[in-house]
Amino acid sequence: PTLVNTIFPHTKLVVMLREPIARAFSGYLQSHTAWRGIAFEEAIKRELAIIRACEVMYPTTDTTRYTECIWPWFVAEVMEHSLESDFTGNRGGEYEAQPKRRCTAGMLRKQSIVIRGLYVYQLRLWLERFGASKILVLPSEQYYTDTEATLATVRHFLGGRAAFNASVAQAAGDAERNSRIRGRKLDPQTNKVLQNVYSPYNEMLAHTLEEYELGKVSWQFQPSKSR
């Protein structure tokens with residue numbers, strides 16, 4: 001957010017949020033080859049452990065739990081497990097495989113299955129830099145089910161200066177690309193675990209949206225104890 005605000009201080013941001021459990025499972029299925037057949041439950045264990053540990057170490061719910069614990073810990077874990085072979089050597093000589101650690105934005109995007117759904121912290125960081133007047137928050141479900149009205153809302157928010165040519169057909173294509181579940185069902189017990197993880201953060205998101213008068217984005221989960 002800081003870098004974007006420094007370079008493009010007058011930028012308007014459209015934030016589309018998808019129900020986090022569906023997003024997590026769909027995201028996993030889209031990158032399942034990266035997990036080499038690892039089950040969803042196994043793939044998210046590391047992230048769940050990080051979130052729960054950071055909730056204990058940072059009992060307050062401000063963004064420091066995310067910026068000083070959850071995200072840096074996750075990045076460190078990705079780095080720790082990203083040892084690869086990198087071929088180096090002199091031209092014309094023998095090439096030797098050398099270990100190399102790297103952590104790219106793509107790696108973080110693919111592997112942050114659960115943490116990416118902690119929307120409230122990420123939104124707060126952008127609000128700190130841009131303010132509520134430059135941010136429009138919409139549920140992606142609304143984009144898919146009431147496309148024309150949603151696009152009209154976006155056009156109004158961006159104003160006449162912006163070139164925005166999205167269409168209903170494009171929205172249908174987006175819905176297809178972003179729905180990779182295709183009949184595959186999430187284990188009910190795993191769904192309950194994720195409901196318990198996300199419920200307090202969704203409540204925090206709802207309060208943040210109300211505080212900044214950014215509308216309502218909510219998903220119906222079973223009640224859970226706030227952490």
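Let's start with helix 4. Its buried residues are Glu-47, Leu-48, Ile-50, Ile-51, Cys-54 and Glu-55. Buried means under 20% relative accessible area, with a 1.4 Å probe and protein chains only. These residues sit on the same side of helix 4, because they cover an arc of only 160° around the axis. That arc is taken from the directions from the helix axis to the C-beta atoms.

A word on the source. This is a predicted model, where local features need pLDDT of at least 70, side-chain atom pairs count only at pLDDT 80 or more, and totals for chains, interfaces and linings use all residues. Residues are numbered from 1 along each chain as its sequence is written, and side-chain values use heavy atoms, leaving out hydrogens and water.

What do the buried residues of helix 4 pack against? They pack against helix 5 (64–80), helix 6 (105–111) and helix 11 (188–211).

Now its length. Helix 4 runs over residues 45–57, which is 13 residues. From first C-alpha to last it reaches 18 Å, close to the 18 Å expected at 1.5 Å a residue. The expected span is 1.5 Å times one less than the number of residues.

Next, the whole chain. It has eleven helices and four strands. These are DSSP runs, numbered from the N terminus: helices are H or I with at least four residues, strands are E with at least two. Of the 227 residues, 35% count as buried.

Last stop: Phe-8. Phe-8 lies in the loop between helix 1 (2–7) and strand 1 (13–17).

Notes. Buried means under 20% relative accessible area, exposed over 50%, partly exposed in between (1.4 Å probe, protein chains only). Contact means heavy atoms within 4.5 Å.
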